[in-house]
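Hi everyone, thanks for coming. Let's take a look at the protein on the screen together.

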Amino acid sequence: MRRNRKGKGRRSEIKRNFGKIMKCLCSGEQLRPANEMFPSSESLATKDYITSESSSRAGEVIKKRDTVNIEEAESSLRESGSLNYEEARALLGRYEYQKGNIEAALHVFEGIDISAAIPKIKISLARRVEQRKRRSQSFSAPPMSIHAISLLLEAILLKSKSLQGLGRYKEAAQSCKVILDIIESSLPKGLPENFGPDCKLQETVNKAVELLPELWKLADCLHEAILSYRRALLHHWNLDAETVARIQKEFAIFLLYSGGEASPPNLRSQMDSSFVPKNNLEEAILLFMILLKKVSLKRIEWDPSILDHLSFALSVSGDFRALANQVEELLPRIIQQKDKHHILALCYSAAGDNLVALNLLKKLLSRREDPKFVPGLLLASKICGENPSLAEEGVHFARRALESLDGRCEQLESTANFLLGLSLSEQSKSAVADSERLSRQSEALQALETAARMTKMRDPIFLYNLSLENAEQRKLDTALHYAKKMLKMESGSNLKGWLLLARILSAQKRFVDAESIIDAALDQTGKWDQGELLRTKAKLQISQGQVRSAIETYTRLLAVLQVQSKSFGFDKKLHKYGRIFARSFELEIWHDLAYVYISLSRWRDAETCLSKSKSISSYSSTRCHLTGVLYEAQGLYKEALKAFFDALNIDPSHAPSLVSAAVVLRRLGDKSRAVVRSFLMDALRVDRMNYSAWYNLGLLYKDNATASSSVEASECFAAALFLEETEPVEPFR
């Protein structure tokens, strides 16, 4: 009973002391220096000159004081028997902050001389750790109690938040950084678990670690933000798993979208074989993968946005297989089987494994899964529409998508019509009968026009493909109309639009206009993206008889390609498929130059170009064909024929080699007309628009010297003439 009465008395005394401290601070009275301790309430009494207004304010504060603040004061007084000036201001500042009086709170916090308290805080923390480690009571008592340290560090944190609320972000970050500097210097091995019972130290540290990078970001100090994130993740702060995951996610998002390039982390503790990210993208991907691994191990809750950001990051890097691997590792409880198949199909399609993607989609669209899943049907139609042998399936998937939509979503319906048009166009190329081919072409145009109308002619991709389909069907005026409309809509930002417009104009034999279009495009395009434009310009110059200018243009293009490949970091920025395209494009340029030199009878220059081509790719049907053309131009027909056959061994459907082989066979007279005709018919099955095949087929029929053959020869010559008159300098597609 006596002990209870004594405890209650002590508690009442603490409350009286705290109330008087609040009264004193609110009145504006200056207490004793920070290092002076006050053993009784009498030493905190207010002076006689306090105004009545201040007294009334103090009374209001005492009346509304927070129970939590009283308990904090009680804890400090219980440990040290006294409450100093800094702790009192920390309590009052917290009280003002909780009331929402940010400016008043900041005024109170700025009165704390934290620089004087820092050495004592560091000594106290270090000594506390040593006592816990050695479990000995022989050490002298630390200068400050753990509750006093918690109170002052919380005051620094609340000061940072107050500065943040007032828009003074840089000052807020500098203030917040003090907390981490104190903890890191005094506890280099990290904050131990259960460091002090009933204290807020760990909570304050957690908040400071999360807040500091955000403050640097608000202050637009990106480098400091990155350093703060790395510091938060690499130092031992004794953070819980969810807090670490939040910091990792925010850091990865910042690296991915901030727009600045940070220096790679300096991880000295890593093993030689460990992966160290070289740039922002790699570091972001690594962090997202770590988060996914934690989800799989059930250390943190599933967050769908992690997969969304990782998908974007790996898409930018071009590593779609890595994304597929991450998705495959996700547990069934995390992602539904339908969504998993769809994402994997997207990954494999982007990685170029269309057959794997299509098989996944067929599983997804089976009767056991979801046969009316529209995104899956659209993706399947797109994949099939890019492959002539699968074009019929593409038509089937697109029509299934239209049936499933049943007019519910106009945007998806327009996409389905667009993909239907692409599949029908591809299907028409493999049609045997002319009537079937014309029917498919007509349906393709109709589907593409429907898609464009549904978007009110505002989708540039739809307009581009509508123009392209009209151009391939030699409806050049209509194609030109859509190409101009598309280019205007995109303000000339699409390179493909410029090229298509120039090719259409070249098919109309408006070479000067086409070259002007290319020159305009070159003015608006960066040097690294000018390759295809320069190649088209060179071909336009050849069509105008400006062969020397064309050679200069090709030389300029090759110089750009060489500088591009040797530039520091350029090749690293290109993902795998970009590098393949760059090498393939250089190969084509050497082939173009070889054709030019053969036409000028400059055999050695042509041979040099072919040797350059061989150094890039050992097996090329185009190079073998060019070798044959070179031999044929020199009158070496048997050597030419062998070269053409070599090309067909590499690619049996190489149309120029089929036509050239037929021409040489007809010239040599070694084979029957039926063999020559079979080569030409095979060429036309591959490329219906090959005017050279039609012309040579006409010559073959003419040699037959029969009435029916004459009619067929006439039809072939008419087709060849029409196609030659509308032939672009480069294929439209």
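So, how much of the protein counts as buried? Of its 733 residues, 46% do, where buried means under 20% relative accessible area, with a 1.4 Å probe and protein chains only.

Quick background before I go on. This is a predicted model, where local features need pLDDT of at least 70, side-chain atom pairs count only at pLDDT 80 or more, and totals for chains, interfaces and linings use all residues. Residues are numbered from 1 along each chain as its sequence is written, and side-chain values use heavy atoms, with hydrogens and water left out.

What is it built from? You'll find 35 helices and zero strands; those are DSSP runs, numbered from the N terminus, with helices being H or I of at least four residues and strands E of at least two.

Next, contacts, meaning heavy atoms within 4.5 Å. Taking those between residues at least 6 apart in sequence, 62% join residues at least 24 apart.

Now confidence. pLDDT is the predictor's confidence in each residue, from 0 to 100. The protein averages 82, and 82% of the residues score at least 70. Among the elements, helix α21 (residues 460–472) has the highest mean, 94, while helix α2 (residues 52–64) has the lowest, 42.

How values were computed
Buried means under 20% relative accessible area, exposed over 50%, partly exposed in between (1.4 Å probe, protein chains only).
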